[in-house]
Amino acid sequence: MSTASLADKRANSLRGASLPKWSPWAIAAGSLVVAVGVGLAAGLDSKVQWGLIAAILFILGTFGIAARVEGRRQAKDRVATSLVWVAFLLAVIPLVSLIWVTVARGVKVLDVYFLTHSMGVVADSEPGGGIYAAIIGSLEQVGLATVIGAPVGILTAIYLVEYGRGRLAKAVTFFVDVMTGIPSIVAGLFILSLMLIFSMQPFGFAGSLALAILMMPVVVRSTEEMLKLVPNELREASLALGVPKWRTILKVVLPTSIGGITTGVMLAVARIAGETAPVLLLVFGNPFINNNPFEGAQASLPLYIYQQYSQSAGANAAYDRAWAASLTLIAFVMILNMVARGIARWKAPKTGR
Amino acid sequence: MDISTQTTDALPPSPEPTLTEQARSARGASRPGDRVFLGLSRGSGILLLVIMAAIAVFLTYRASLAISKDHGNFLTTFEWNTNLTPPVFGIAVLAFGTVVSSVVAMAIAVPVSVAIALFITHYAPRRLAGPVAYVIDLLAAVPSIVYGLWGALILVPHMTGLYGWLDKYLGWTGVFDWQGGAPRSMLTVGLLLAIMILPIITNVSREVFRQVPQMHEEAALALGATRWEVIRMAVLPFGRSGVISASMLGLGRALGETMAVATVLSPTFDIQASLLDPGGGTFAQNIASKFSEATQDGRDALIASGLVLFVITLLVNGAARAIIARRKEYSGANA
């Protein structure tokens, strides 16, 4: 960029004419003004349409002007650049909208009362009630799923990295990859088919089992990556001192990579905490507090959101509760994410790169 | 679980190893602790395989119960009436809806994600690239039910204008014909799914674009290529297989997405030629919406449709992984 501007000043005959650096901004501003004008004139009330018209005008304008001044190749380059920028802006819109709406509508009813009370006999269309039962249910289900899923995942990763040779390891690697892609509802249906065979009623732990299935491959993947980062010299040094392999793994390999493994597990927890489909099939939802995950239907935060939305027939009080529960869920997931990333940065093994 | 009991049984009192024992272990026979640990970790690996097998076996078993009672054709019937005696149901509508919504999602998400991946690796000012990648990661962390709520309450009302516009100017194609119902149809679902699978496609593509050999790009620049020509001649050909497998991973997610579709779509059990008219359904959405009122037979029927979904996602994900694995072998870029 700096060489280009230098060349501009020198009026170099070897370079073709080029547009000044401010030209993209100028074209963008121009097309925005025209788009708003067209939108107002044609009576289009949707801001989305204005945006679309502006984007199209911007790209066409860039191509036209650049093609006249700089030539076709440069014009194509400029169009590609602007398309990439437009794509980026397009992707930011939904995220900003989602976060903004969730926060703005969520804070309406989110208070201590909301967090410490349950729905009980509050009708869907009435205000009041809260998510205490849902929080309890979510914590218990996700906690139990983690207790099952995390050790299995970590041990599998240890097997793949430290022991895995031959056909079994290859099969495990392949199926872990495939398992990552299992739709959550299929995991729920699997547990459901078991429950149908033993004719059981919905209960919290069944949901935990499905969540554990969804969690395992994620934990395996991330732990595997972390274990691979542990330098081989450390293992060799320990083995050369006569330390058995299992103690080497427990005392050298795992402590070295514990930060990354924790991060992976927390990200997996964040992922399953938001799963709704298996919980819908297996835990069923319950407006009352049920502290026992092994018996009777329980509530769950994502399921609560779905039920407030789908069973309320458009009652605003229910939508408000759904947004407030969404805000709680997003806050929980985001905090987990950020803490996990923080741990990853803090404990990252030095790879020498 | 039987693994844990096995450990406590097998844990030895750990005697002081004698010289001969040490010599033997040096020759390759492992110590008891090693054997236990190996058994534990290998057992976990095997447990994963067993779970996968069990999913296939039990779903097939319940599905076979349902299909044997089905008085329609499971593959071609345009109906889902599991409360009739005998039940009549078929997956034709669901298969169509699943494919259509995923195709719409892919058509929107793949170009945008590739562009964002290029933005992060090649276009963005360095100070912006990191935060953008972080924001995309955050998009991936938002639970699907929140996307569903946002889609149903915010995106749907905003789609009316676009629907009207599409109907006015492209309605003659039939694909964009709109009768004027609520915009809770396949196009909105596809758009929402596109937003949801954007992060995964972007992240994988980004990793691939990062691995493009610097030499290739510099060679192209030295020949006087513009930035776009560098991308077209050096970056995209190198990353093509990576982008394909990333798209298929995204497709796998779009196929199986439940809650976002269940909240946004207003399902009817028929096939619509138009993307804008409410209608159709997807496998996952149908399971979630029909589950609460389903009887025992109805649940088995839903499990049967889930089995079809399972097989489809298995094939799509397997193909994606196979492409990634093949690429790893010859590119050497992952070293």
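Begin with chain B: select residues 2–69 for domain 1 and residues 88–331 for domain 2, bounds that come from an automatic or database domain assignment. Where these two meet, nine residues from domain 1 of chain B and eight residues from domain 2 of chain B make the contact; two residues are in contact if their C-beta atoms, placed from the backbone, lie within 7 Å. Colour the domain 1 side of chain B by class and you will find six nonpolar, one polar and two charged residues. Here Ala, Val, Leu, Ile, Met, Phe, Trp, Tyr, Cys and Pro count as nonpolar, Asp, Glu, Lys and Arg as charged, and the others, Gly among them, as polar.

A word on what you are viewing: this is a predicted model, where local features need pLDDT of at least 70, side-chain atom pairs count only at pLDDT 80 or more, and totals for chains, interfaces and linings use all residues. Residues are numbered from 1 along each chain as its sequence is written, while chains are lettered from A and ligands numbered from 1 in the order in which they are written.

Next, select chain A, with domain 1 at 16–106 and domain 2 at 132–347. Their centres, taken over C-alpha atoms, are 41 Å apart. Four residues of domain 1 of chain A touch six residues of domain 2 of chain A.

Finally, show both chains together: 75 residues of chain A are in contact with 68 residues of chain B. On the chain A side, helix 4 (residues 72–106) gives the largest share, 18 residues; helices are DSSP runs (H or I, at least four residues), numbered from the N terminus. That side of chain A holds 54 nonpolar, 15 polar and six charged residues.

Technical notes
Helices (H or I, at least four residues) and strands (E, at least two) are DSSP runs, numbered from the N terminus.
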